[in-house]
Amino acid sequence: MGIVAGLDSSAGFTRIVVCDADTGAVLRQGYAPHQGEPKAAEVDPQTWLLSLGEAATGGLLEGVQAIGVSAQQHGLVPLDAQGGLVRPALVGNDKRAQVAAADLVESLGGRQAWAEAVGCVPGSGQPVAKLRWLARTEPENARRISMILQPHDWLVWQLLGRPARRTTDRGAASGTGYWSARTGAYRPDLVELALGHQAVLPEVLGPAEAAGTTPEGLLISAGTGETMAAALGLGLGPGDAVVSLGASGSVMAVHHEALADPSGMITSFADAAGMHLPVVHTSNAVRTLRGTAEMLGAESLEELSALALKSTPGASGLVLLPYLEGERTPNLPHAAGTLSGLRRESMKPEHLARAAFEGMLCALADAMDVLRGRGVEVRRIFLLGASAGLPAVQALAPALFGAQVVVPQPADYAALGAARQAAWALGVARGTLSPTAPPAWQGAAAQVLEPADELAGGQAVRQQYVATREQIHPGAFGS
């Protein structure tokens, strides 16, 4: 069918992959860092364009017929009535809107009201909270805001030459705090609640729709947020879940419907393929391992992993509740971590190391059970993050999660997902693909781990963990 490209504009860099539209085989790749501080809370969007141009040098895009755009989520690009920037873009890692988010929750009547309205409870990263922050701290700038875009929306608009029509997709829209994945509609009243007045919002395109075509004939697909693009790049479908191991953690699954969660533990995203991506976040994942390594004097997580594997399932009775920074799931914002089950025979470094890995994975299994409890089927779990390669993680995860675990080889999955979306839109435009299913590209190369004979032992470890959690934090999950 041809050649397509996917670009991923993350917080710190732009990656581009050029792929065969039929098979997904990567033909060429490009990379360029963004100028400025990667963790800055405010960014001039022009740096995204400069990085894109640098990543695409050397004829990288020669012969490309369609481009898909993935970009960092939860950014806010405020525009005036003429399409000019009101101020620098506010990006997802900006925490200044925490008070504004709490204010919004109260203004609408609480967490349940927000969950029912748009499928999520506002946090500091979401555009709706950033709008309230601007209204409170920069009222003159807030009054000038006429149009609201997110990073991927703005990049698509720029690639198309800044047309009158401005678009987004359902995946990115579902993270704004003013679009509902359940109803598929904006809530303009929530924009007004946050900003103080109405603003123009981009048209939400379907998964296989094109945002437009450049004067040179290059098709630009709808684009999406990084999380949704990565899911498309990994080839996720119903029955698949993703466990992400960062300093904090998350569990995300593909589901056939949006989930409204009165407790606010589930964030109801839409995906880039017409399905839904309910997500549950935990505050503590790899930070649990790093803290334990420091306590034990281990020089690396690899050393901690080797130490943990010298212990046995259940860590000789030690249980670590890893709520080191408080916890989101369960909702225990002021909790601290707890080490339980200390006996003379358990007071050995290898048992504490094992308890750290078991505690981290059991907390993520708790998060997965929140989804399973709402009817989300989980048959296969993709384990992402640098720590997914640790031998102790791979040895323990299948039995503790009670499912097949897939550890994909490192790749630019968000950029690949954007390219797959471009191939889909191109095929639909040419009448060679159905708008109901993306092209069947080869899945990610991966290591597959089965629970096998360890399943019973894993269930016993989970029971030990749950009993300890219920003793120290009774009813934390509403039981």
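**Figure 1. The loop between helix 6 and strand 9, with R162.**
R162 lies in the loop that runs between helix 6 and strand 9 of this predicted model. Although R162 is not a glycine, its phi is positive, at about 60°. The relative accessibility of R162 is 39%, so the residue counts as partly exposed.

**Figure 2. Salt bridge between R165 and E203.**
The side chains of R165 and E203 meet in a salt bridge, with an N to O distance of 3.0 Å. R165 is in the loop between helix 6 (151-159) and strand 9 (167-169), while E203 belongs to strand 12 (residues 203-205), so the bridge ties together parts that are 38 residues apart in sequence. R165 has a relative accessible area of 37% and is partly exposed. E203 is also partly exposed, at 38%.

**Figure 3. Salt bridge between R144 and D80.**
Across the whole structure, 19 salt bridges are found. One of them joins R144 to D80, and the closest N and O atoms of this pair are 3.8 Å apart. R144 sits in helix 5 (residues 139-144), and D80 in the loop between strand 6 (77-79) and strand 7 (89-90); the pair therefore ties together parts separated by 64 residues in sequence. With a relative accessible area of 41%, R144 is partly exposed. D80 is buried, with a relative accessible area of 14%.

**Figure 4. A network of salt bridges that includes R469 and E470.**
Salt bridges link D366, D369, R372, R462, R469 and E470 in a network. Within this group, the side chains of E470 and R469 form a salt bridge of 3.1 Å, N to O. R469 is buried, with a relative accessible area of 6%. E470 counts as partly exposed, at 24% relative accessibility.

**Figure 5. D8, a buried residue without a salt bridge.**
D8 is placed in strand 1 (residues 3-9). Although buried, D8 has no salt bridge: R15, the nearest side chain of opposite charge, is 6.1 Å away, and a salt bridge requires a side-chain nitrogen of Lys or Arg within 4 Å of a carboxyl oxygen of Asp or Glu. The side chain of D8 does make a polar contact of 3.1 Å with the side chain of S70.

By residue class, the lining of the second largest pocket holds 12 nonpolar, 8 polar and 2 charged residues.

**Figure 6. The cis peptide bond between T329 and P330.**
The peptide bond from T329 to P330 is cis, and its omega is near 5°. P330 is located in the loop between strand 20 (319-321) and strand 21 (338-340).

**Figure 7. A315 in the loop between helix 11 and strand 20.**
A315 is found in the loop that connects helix 11 (301-308) with strand 20. The phi of A315 is near 50°, a positive value in a residue other than glycine. A315 is buried, and its relative accessible area is 0%.

**Figure 8. F477 and V370.**
F477 is in the segment after helix 15 (455-472). Its relative accessible area is 25%, and F477 is partly exposed. Along the chain, F477 and V370 are 107 residues apart, and their C-alpha atoms are separated by 8.6 Å.

**Figure 9. S51 and V251.**
S51 has its place in helix 1 (residues 46-55). S51 is buried, with a relative accessible area of 2%. The C-alpha atoms of S51 and V251 are separated by 31 Å, and the two residues are 200 residues apart along the chain.

Technical notes:
Residues numbered from 1 in each chain as written. Predicted model: local features only at pLDDT ≥ 70, side-chain atom pairs only at ≥ 80, totals over all residues. Heavy atoms only, no water. Nonpolar A, V, L, I, M, F, W, Y, C, P; charged D, E, K, R; others polar. Helix = DSSP H or I, 4+ residues; strand = E, 2+ residues; numbered from the N terminus. Buried < 20%, exposed > 50% of the residue type's maximum accessible area, 1.4 Å probe, protein only. Lys, Arg positive; Asp, Glu negative; His and termini not counted. Polar contact = N/O pair within 3.5 Å; in protein donor to acceptor, adjacent residues only side chain to side chain.
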